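Please look over the sequence and the structure shown below before reading the report.

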Amino acid sequence: MDIADRLKLDVPVAQAGMGGGIAGAPLAAAVSAAGGMGTLGLVPPAQLTAAIAAVREQAPGRAIAVNLLMPFTRRRHVETCLKARIDIAVMAFAIDRALIRQLSGAGVFVMVLVGTEAQAAEALAYGADGLIAQGREAGGHLVGTVAQPDFLPKALALAGSRPVFAAGGIASAADTRAALAAGATGVVAGTRFLLTHESGAHPAYRQRIIHADKTIETMAFGLSWPQRHRVLPNAVTNRWCHPDGSARRLPAAINRFSAPLSRIPDRGDGALLHLQRPALPFLTPLTLTAGMPAEWADRAALYAGETALRLDEVTSAAQAVADLTP
């Protein structure tokens, strides 16, 4: 298989399907139009239908990719993707054998986000068409447990002829070249694309990334989704995290039993973030998007990878693709 042809890529660069309104149609379409793989983040089904249509209109002839964030993916999301005849699905944070079969049977190319050898082996056994090998240095929610350069060779050994994209620590063309030299088919970048004019991130959020001097791995923002994540420090983490990033006892206890809350339908309007306060230990995974008050930067999860320490400007998505192209 010519993977570039199958995925309609001119360059081996993919944009992470960041949820919460960050990776919407403007970003995914701009990345795809520039020759990379733009990926839509998960939003409520009606919004997803509109986003798919917008990418198809703004980047004609390019692949349509959707990130299926499994803790929040529902039957209507899958129906929306199948009805719209998307080209690529990224399955993240759970591996569903039946869903892989359903998507593959409809002609969808299924990539699975993995961070361990066990996850990679499971995804491949279940019929995944390709893997995204995530390193621990990635931003946002994490399956990665070791650095990307250490995990990538292990994923490649298991994948055989199936493509593997490297994720985590990707901020420049040099990073892409290193991953390709190690055997990767391509790379996936998140923070680099968050710092674009087309992303849905609030300008105050982007400025915090530009001025960041550290990131922390935590589970503090785990209400409804108690999974590790990498964020920038803010008032919430100063109040509710230990110096090493681990959540203090009260939010950790609340989050531990909160997974069933993920079944509550998402309105996609940040209503819960309006109620969230740094002084209270009820901390959702919601992030700061355009249109929200800038001061909410101290109550929201500000996801960022370790590449935040190497990035210092906001560019167009097309320039970000060019900057990542080997």
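## Basis of the model

This is a predicted model, in which local features need pLDDT of at least 70 and side-chain atom pairs count only at pLDDT 80 or more, while totals for chains, interfaces and linings use all residues. Residues are numbered from 1 along each chain as its sequence is written, and side-chain values use heavy atoms, with hydrogens and water left out.

Eight strands, in the order 1-9-8-6-5-4-3-2, make up an open sheet with parallel pairing. Strand 1 (13–15) and strand 2 (39–40) are at the edges with a single partner strand each, so one side of each has no neighbour in the sheet. Strands (E, at least two residues) and helices (H or I, at least four residues) are DSSP runs numbered from the N terminus, and two strands pair if DSSP finds at least two bridges between them.

Strand 2 runs parallel to strand 3 (residues 65–69) and is joined to it by two bridges; Leu40 has Val66 in strand 3 as its bridge partner.

## Two buried residues

Leu302 lies in the loop between helix 13 (271–275) and helix 14 (317–324), and it is buried, with a relative accessible area of 0%. Buried here means under 20% relative accessible area, exposed over 50%, and partly exposed in between (1.4 Å probe, protein chains only). The C-alpha atom of Leu302 is 8.1 Å from that of Asn234, although the two are 68 residues apart along the chain.

Thr237, in helix 11 (residues 235–240), is also buried, at 4% relative accessibility.
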